[in-house]
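Q: Hi! Could you walk me through this one while I have it open on the other screen?
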Amino acid sequence: MFNLEYWIAGVMLISLIVYMLTGGADFGGGIWDLFATGRRAKDQREIITHALAPIWEANHVWLIVIVVLLFVAFPVAFATIGTALHIPLTLMLFGIVLRGTAFVFRTYDDQSETTHLRWSRLFAIASIITPIMLGVTLGAVASGTIHANVETGIVETDFISSWFALFPFAIGVFTLTLCALLAAVYLTLETDNPELQEDFRLRALITAICVGIMAGVSFLLSAEGAPSIRKGLGNSIWSMPFHLLTGAVAIWAIWAIWKRHYPLARVLVPIQVTLIIFGWGFAQFPYIVTPNLTFSNTAVSNSVLRPVLIIVVIGAVIVVPAFWYLYAVFKGRDDRDSDTTG
Amino acid sequence: MENLLAARAQMAMSLAFHIIFASIGIAMPLLMVIAEGLWLKTKDETYLTLAKRWSKGTAIMFAVGAVSGTVLSFELGLLWPTFMAYAGPIIGMPFSLEGLAFFIEAIFLGIYLYGWNRVPKTVHWFAGMMVLLGGMLSGIFVVTANAWMNTPTGFQIEAGKAINIDPVAAMLNPSSFSQALHMTIAAFLAVGFAVAGIHAYFLRRDPHNAFHRKAFAIALSVGGFFAILQPISGDISAKRLAKHQPVKLAAMEAQWETERGAPIRIGGIPDEDNEVTRYAIEIPKALSFLTHFDINAEIKGLKEFPPEDRPPVAIVHYAFQIMVGCGFVMIIAGIIGGWLTWRRKGLPINSWYLRFITFCTPLGFIAIEAGWTVTEVGRQPWVIYNIMRTADAVTPMPHLIVPFIGFTVLYIFLSIIVVILLRRQIFIYE
Ligand code: HDD
Ligand code: HEM
Ligand code: HEM
């Protein structure tokens, strides 16, 4: 367990969790922008914009950390994934580019109703494509259909069948619902207006149920779609208590939303998401790309891993307080009236 | 289109696009912290207005820079999996450090752009400094990765695999210092002139506008200062090429024969079939002198190398001419600017000079694109110089023309929007 590559794998898993909890919620903001409805649609959009603007670029860097660690520490796996999943990754990149740019363009383009709405649509649609494709990629990696040569990373593939299947898309939709849930719960605390809070409460309740459904669907599909993960999820000793814990937190979170204990919900929902990703991570361990590539057989030598870990530690010392300050400045206070763009 | 060609085209297009926004991400923070620092010092509100308006344009550029950079980090695996399986761990060190620099940059950028009314003034200015630091470090780290492709060090090869990897030695390869220096200066220089050019345009209409005068003074000082430094760092690069990549240097100068006392060629038409360069203006012995400080030093010609190891000569030669040409125009602009300032004891706003600076607006960026073409095309046919050929690095994925066209259309669309939005930012107040 003390092999350096497992530490790196752990850092990648944590980065993925943080990315989901922060960047994932930003995508969720885009989803709720699309489904902004009723008399308060405009206000809903405004809160979303206001919540995202200062932080989305920083949140987005977690994804880059994951990619970089993957190609530094497990280059063969990076080559394999880049080859076999070229198409969903390219679609995800389109989503990333359009999401980020549409969001900024909307702020700086002319403020007429039609222009604003056009950018909003693009922002929202890209916010939906991106997490689905991220989930599809993770689902395909777990599915056991990517047979790579351990030495070279060369993979026999038709570039389509390993991801264009039921299970990866179920994971894609699952990811989408998690993003939507996180965003809805966070947004209840971004406003003091009780009516708007009710809007997001309702959205949170609906998505919490969708998350439950998609969790079940993914589990059922994994029997066919990702047999080795299913084994990890279903059979080992820790799996039953772990599922119970995740389920309990999920129900507690729904209760908190129902009872309008928003600060509590804001803690519980991220815990729920964290547990889900942890569960998946442990079920897939020690495989990085099932069924051939493991963390050990694709890891590079310690002479490379050691300095990377040192950089990670130094980075954490610098980045964590900086993030803390960023959130303290923009999320800690109530004076939301001040000028947003300077 | 052949698959390899499509992959190269997509990589080149993505990088050519990203580098513009990346350079702005490196250099605009400098202009902003200067303006804001002057505001803190003089309490002149014009400087504050300036910093705020610059920061709005920068917000747009940063977003495009961040997303296009993300595309690049994936494209390394999407287009060049074999290259990355081999090189990923060796050049991983700068990329990991770069990730850290991105965090610093993006976090403090959020505070800088949206925190005008939320954090104390000095903290705000400090955030600007951190954005500047993060941007410069991002650029430096990624360029050392590229430098490694030119002069790969820090590992040994056994049975086609890299062993005994020393990531620090790889990062500090012989090209790192000169390339990182040259690139960082290029970013300040290009952005300085571009911004000065825009404000010069308005000063011609309204020479007494305090806002544009201050903006022009800051931007031109930055641009002019770095313009004068740039040929020195370019010369360091050329000396390093003479030592480590003679075939690239020969292509840049369209030098076919190995020769003592080689000239510098201006213009000319390299004829790759007959292996001669015609109609060039030659400055005798200058190349030997500049690369070795010895007018009779030997320069290797292209004929020393087998044809399959030579880069496309004409592209490299012309690109080099364009870069140096743009550089010289800007040096002249910088020197005249300094001289006029000294003569007038004030801002050089003679109308012909303002017109000249307006003309210089795009030159720095043209030079950056040309310079990268020299570096990258000049390294061909290798992706890792003398170790791995580009043709062996490409993905087996078929129909790469499709993502190439897709990204091209996407980036053209983004470019158009960025231009429209910047025009609006610039003209809205006029
Ligand atoms: C504003 C931009 C700019 C300007 C005015 C110049 N350059 Fe440059 N040059 C670059 C921007 C650039 C660049 C885009 O930044 C490159 C590409 C790779 C690099 O490190 O810098 C580059 C590369 C580059 C190389 C190739 C390095 C390699 O292949 O590794 C050489 C030899 C020079 N330059 C030399 C010069 C000289 C002698 C100049 C004289 C004025 C000059 N450059 C002006
Ligand atoms: C760390 C930095 C960089 C890396 C790792 C990198 C990597 C690559 C790779 C793998 C290729 C494909 C192989 C080839 O055709 O040479 C390539 C091509 C190319 N890159 Fe770079 N590159 C970097 C920086 C840049 C930058 C900043 C630019 C300029 C904007 C640039 C311009 C190009 C061009 C023009 C080509 C195409 C060359 C050709 O078609 O002959 N590169 N680069
Ligand atoms: C293969 C080559 C490259 C890769 C993979 C790459 C990757 C990236 C990524 C992922 C980002 C986004 C960071 C964020 O989210 O904030 C970025 C931004 C940036 N890159 Fe690149 N990059 C490459 C080439 C270059 C080059 C050659 C330079 C040199 C000037 C450069 C300088 C920067 C800077 C200064 C930024 C931050 C500015 C901004 O966000 O607009 N990059 N790059």
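Q: How many salt bridges are there between chain B and chain A?
A: The count between chain B and chain A is zero salt bridges, a salt bridge being a side-chain nitrogen of Lys or Arg within 4 Å of a carboxyl oxygen of Asp or Glu.

Q: OK, and how should I read the numbering and the confidence?
A: Residues are numbered from 1 along each chain as its sequence is written, while chains are lettered from A and ligands numbered from 1 in the order in which they are written. This is a predicted model in which local features need pLDDT of at least 70, side-chain atom pairs count only at pLDDT 80 or more, and totals for chains, interfaces and linings use all residues, with side-chain values based on heavy atoms and with hydrogens and water left out.

Q: Back to the interface: how many residue pairs are in polar contact between chain B and chain A?
A: Four, with both residues at pLDDT 80 or more. A polar contact is a pair of N or O atoms within 3.5 Å; within protein, one must be able to donate a hydrogen and the other to accept it, and residues adjacent in sequence count only if both atoms are side-chain atoms.

Q: Which element of chain B gives the largest share of the side that touches chain A?
A: That is H4(B), with 18 residues. Helices here are DSSP runs of H or I with at least four residues, numbered from the N terminus. By class, this side of chain B has 47 nonpolar, 13 polar and five charged residues. Ala, Val, Leu, Ile, Met, Phe, Trp, Tyr, Cys and Pro count as nonpolar, Asp, Glu, Lys and Arg as charged, and the others, Gly among them, as polar.

Q: How much area is buried between chain B and chain A?
A: About 5900 Å², with carbon and sulfur atoms giving 78% of it. Buried area is the accessible area (1.4 Å probe) that two parts lose on being put together, summed over both. On chain B, the trio B:Phe103, B:Tyr114 and B:Arg118 supplies 15% of what that chain buries against chain A, more than any other three residues. The contact (heavy atoms within 4.5 Å) takes 65 residues from each of chains A and B.

Q: Switching to ligands. Where does ligand 3 lie?
A: Ligand 3 sits between chains A and B. It has 24 residues around it, and those coming nearest are B:His18, B:Gly69, B:Phe102, B:Glu105 and B:Val142. A residue is near a molecule if one of its heavy atoms lies within 4 Å of it.

Q: Which helix gives the most to that shell around ligand 3?
A: H2(B), with seven residues. The shell divides into 14 nonpolar, nine polar and one charged.

Q: What donates to the iron atom of ligand 3?
A: From the protein, a single donor: B:His18 through NE2, 2.1 Å away. Donors are N, O and S atoms within 2.8 Å of the metal (3.2 Å for Na, K and Ca), and water is not among the atoms, so sites may look incomplete. B:His18 is in helix H1 of chain B.

Q: And which protein donor does the iron atom of ligand 2 have?
A: The only one is B:Glu376 (OE), at 2.3 Å, a residue of helix H13 of chain B. A polar side-chain atom of B:Glu376 also lies 2.8 Å from a nitrogen atom of ligand 2.

Q: What else is around ligand 2?
A: 18 residues surround ligand 2, and B:Arg8, B:Val142 and B:Trp372 are among the closest. In the side chain of B:Arg8, an N or O atom is 2.4 Å from an oxygen atom of ligand 2. For B:Gln380, the side-chain N or O atom is 2.2 Å from an oxygen atom of ligand 2. H1(B) gives the largest share of this shell, six residues.

Methods:
Helices (H or I, at least four residues) and strands (E, at least two) are DSSP runs, numbered from the N terminus.
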